[in-house]
Amino acid sequence: MSHSHSQRRGPRADMVPEIAAAVGFVSGLLRTRGCVSEQQLQVFSGALREALTEHYRHHWFPEKPSKGSGYRCIRINQRMDPLISRAGGHVGLSVPQLYQLLPRELTLWVDPYEVSYRIGEDGSICVLYEATKATAAAASSYGGMLTCKNQMMLGRSSPSKNYIMTVSS
């Protein structure tokens with residue numbers, strides 16, 4: 001059985017849903033504070049997506065998802081993650097402003113098939129995005145164009161009405 005067909009699009013296509021989940025999460029945090037305009041959020045998201053794609057390019061190992069995890073990890077603690085501060089710079093958000101808008105302690109792990117985060121040093125780890133290898137292959141053949149909105153809809157799809165009615169009857 002050859003796996004070459006899933007690699008056809010090259011490694012970058014496979015990072016799309018994970019990066020979209022991470023970017024959507026960070027811009028979602030900025031959005032809840034209400035001080036950042038939709039226009040700024042769009043530019044910020046685009047800048048962060050490009051920065052992550054570039055940063056991860058040679059550090060993405062779907063066959064060994066935990067390899068390079070520390071390198072890919074996005075962190076805010078005493079220092080602001082440089083990728084976030086650079087994306088913030090694109091929309092005129094200074095590091096002190098980012099500290100006011102984002103959690104003081106945030107760790108975001110962006111690994112193949114799983115994106116998870118922890119707020120606070122001893123908070124629990126929450127999974128943002130999880131994929132089996134099969135759905136990951138499907139997602140990359142989908143054209144890799146999962147926008148944040150589709151991502152949210154996929155991630156939070158509730159069961160259909162028919163399903164609920166069958167269960168209750």
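Modeller: What follows is a close look at one part, after a few words on the whole.

This is a predicted model, in which local features need pLDDT of at least 70 and side-chain atom pairs count only at pLDDT 80 or more, while totals for chains, interfaces and linings use all residues. Residues are numbered from 1 along each chain as its sequence is written, and side-chain values use heavy atoms, with hydrogens and water left out.

The setting comes first. The protein has nine helices and four strands. Both are DSSP runs, numbered from the N terminus: helices are H or I over at least four residues, strands are E over at least two. Along the sequence the order is α-α-α-α-β-α-α-β-β-β-α-α-α. Of the 169 residues, 43% are buried. Buried means under 20% relative accessible area, exposed over 50%, and partly exposed in between, with a 1.4 Å probe and protein chains only. Contacts mean heavy atoms within 4.5 Å. Among those between residues at least 6 apart in sequence, 57% join residues at least 24 apart.

The part I pick is helix H5, residues 82-90. Its buried residues are Leu83, Ile84, Ser85, Ala87 and Gly88. The N-terminal end is capped by aspartate 81, with a side-chain oxygen 2.9 Å from the backbone nitrogen of leucine 83. This is a polar contact: a pair of N or O atoms within 3.5 Å, where within protein one must be able to donate a hydrogen and the other to accept it, and residues adjacent in sequence count only if both atoms are side-chain atoms. Just after H5, glycine 92 has a positive phi of about 75 degrees.

Serine 85 sits in H5. Its side chain comes to 3.1 Å from the backbone oxygen of proline 82. Beyond neighbours within four places in sequence, serine 85 touches Met80, Val95 and Leu98.

Leaving aside neighbours within four places, isoleucine 84 is in contact with Val26, Phe44, Leu48, Ile74, Ile76, Leu98 and Leu102. Ile84 is also among the residues with the most contacts inside the largest nonpolar core, along with Leu48, Leu52 and Leu108. Such a core is a set of buried Ala, Val, Leu, Ile, Met, Phe, Trp, Tyr and Cys residues joined through side-chain atoms within 4.5 Å. The elements giving two or more residues to it are helix H2 (10-32), helix H3 (38-56), strand S1 (74-76), H5, H6, strand S2 (106-111) and strand S3 (114-119). H2 gives the most, nine residues. In soluble globular proteins, nonpolar side chains tend to be buried together.

Helix H6 spans residues 95-101 and includes glutamine 100. Glutamine 100 counts as exposed because its relative accessible area is 60%. Its C-alpha lies 9.7 Å from that of leucine 30, 70 residues away in sequence.

Last, confidence. The average pLDDT, the predictor's confidence in each residue from 0 to 100, is 80 for the protein, and 70% of the residues score at least 70. Over residues 2-13, pLDDT stays under 50, and the model has eight contacts for them beyond four places in sequence. Over residues 139-165, pLDDT also stays under 50, with 21 such contacts.
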